[in-house]
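This briefing goes through one protein model for a reader who is new to structures. Please keep the sequence and the 3D view open while reading.

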Amino acid sequence: KTANLVTAIHFREGARVARGTVLVEMDSAQVRADLAAAEAAQTESRSQYRRSRELATARVLSAAQLEQIEATLKANEARVASARARLEDTIIRAPFAGRTGLRRVSLGALVTPGMVITTLDDTSSLRLDFTLPEALLGAVHAGLAVEAGSIAWPGRIFRAKVESVDSRVDPVTRSFTARARLGNADDALKPGM
C-alpha cells in the first residue's frame with residue numbers, strides 16, 4: 001500500500017507456502033514508533049476518562065467535559081488501530097496456500113504499490129477457458145465432461161468438467177467462452193499454458 005524498503009525475505013523461489021505465511025517484511029521502525037506514541041496517548045486518555053467518570057458522578061465535572069474527554073479517548077483508540085493497520089501493512093503474507101514464483105526484489109530494495117515481489121499460484125486445480133462457435137451453444141452446459149491436451153505433455157489427456165458458460169456471445173467472432181476446472185494434483189500444468 002505504500003513505498004517502503006525490504007528488510008527481510010522469508011520465502012524460497014518455487015517453494016510451497018501455507019496461507020498466512022510471511023513472505024516479505026518491510027521497514028517498520030517509524031510505524032512502530034508511531035504505534036508506541038499512539039498507545040501511550042490511548043493509555044493516558046483511558047486513565048483520564050476513568051477519573052473523569054468518577055468526577056462526573058460526583059457532579060464535579062460537567063457532562064460536556066466528560067463527552068470531550070470520551071471523544072479524545074475514542075480518537076486515540078482510532079490512532080492506535082490506524083497505527084496497527086500500518087504496521088500490519090509492513091508484512092506481506094500469502095493470501096492463500098500455493099507455490100511462490102521467482103523473487104523480483106532483494107534486501108534493501110525500495111518497493112512501491114503495484115510492484116511485483118513474486119507470484120503465488122495455487123495450481124492444485126486450474127481454470128481452463130476456451131471458446132467455441134455459437135452453433136455449439138446449446139450443447140455446452142455446466143457439468144459437461146471435456147478433455148484437454150498440452151504441447152508440453154504430448155499424448156497426455158487432462159480431464160475436466162465445464163463449470164460455467166459465459167452469458168454473452170462475441171458479436172465479432174460469433175463465439176462464446178466456457179470455463180472448465182482441471183485437477184492438477186501432480187503440478188504438470190502451469191498457469192498460462
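Strand 9 and strand 10 form a hairpin, with two residues joining them. Strands here are DSSP runs of E with at least two residues, helices are DSSP runs of H or I with at least four residues, and both are numbered from the N terminus. The model is predicted, so to speak of local features pLDDT of at least 70 is needed, side-chain atom pairs count only at pLDDT 80 or more, and totals for chains, interfaces and linings use all residues. Residues are numbered from 1 along each chain as its sequence is written, and side-chain values use heavy atoms, with hydrogens and water left out.

**The hairpin**

- Strand 9 (residues 145-150) and strand 10 (residues 153-170) pair in the antiparallel sense over five bridges; two strands count as paired if DSSP finds at least two bridges between them.
- Strand 9 has a covered face made of V146, A148 and S150, while A145, E147 and G149 make up its uncovered face.

- An open sheet is formed by four strands in the order 4-3-1-6, with antiparallel pairing.
- Strand 4 (91-93) and strand 6 (110-111) are at the edges with a single partner strand each, so one side of each has no neighbour in the sheet.
- Strand 1 (residues 4-9) and strand 3 (residues 22-26) run antiparallel and are joined by three bridges.
- V6 has M26 of strand 3 as its bridge partner.

- Another open sheet has three strands in the order 2-5-7, and the pairing is antiparallel.
- Its edges are strand 2 (16-17) and strand 7 (120-121), each with a single partner strand, so one side of each is left without a neighbour in the sheet.
- Strand 5 (residues 98-100) pairs with strand 7 over two bridges in the antiparallel sense.
- R99 stands opposite D121 in strand 7.

**Two buried loop residues**

- A94 lies in the loop between strand 4 and strand 5.
- A94 is buried, with a relative accessible area of 3%; buried means under 20% relative accessible area, exposed means over 50%, and partly exposed is in between (1.4 Å probe, protein chains only).
- Leaving aside residues up to four places away in sequence, A94 touches V17, A18, R19, G20, T21, L23 and L120; a contact means heavy atoms within 4.5 Å.
- A94 and V24 are 70 residues apart along the chain, and their C-alpha atoms are separated by 9.5 Å.
- T123 lies in the loop between strand 7 and strand 8 (125-133).
- With a relative accessible area of 5%, T123 is buried.
- T123 touches R16, N184, D187, L189 and P191, again not counting residues up to four places away in sequence.

**Residues with positive phi**

- R174 is not a glycine, yet its phi is positive, near 55°.
- R174 is in the loop between strand 10 and strand 11 (175-183), and it is partly exposed, with a relative accessible area of 41%.
- D187, also not a glycine, has a positive phi of about 60°.
- D187 is in the segment after strand 11, and this residue is buried, with a relative accessible area of 13%.

**The whole chain**

- The protein has two helices and eleven strands.
- From the N terminus on, the elements run β-β-β-α-α-β-β-β-β-β-β-β-β.
- The radius of gyration of the protein is 28 Å, whereas a compact globule of 193 residues would have one near 16 Å; the radius is taken over C-alpha atoms, and the globule rule is 2.2 Å times the number of residues to the power 0.38.
- The C-alpha trace spans about 85 × 40 × 30 Å along its principal axes.
- Of the 193 residues, 29% are buried.
- Among contacts between residues at least 6 apart in sequence, 64% join residues at least 24 apart.
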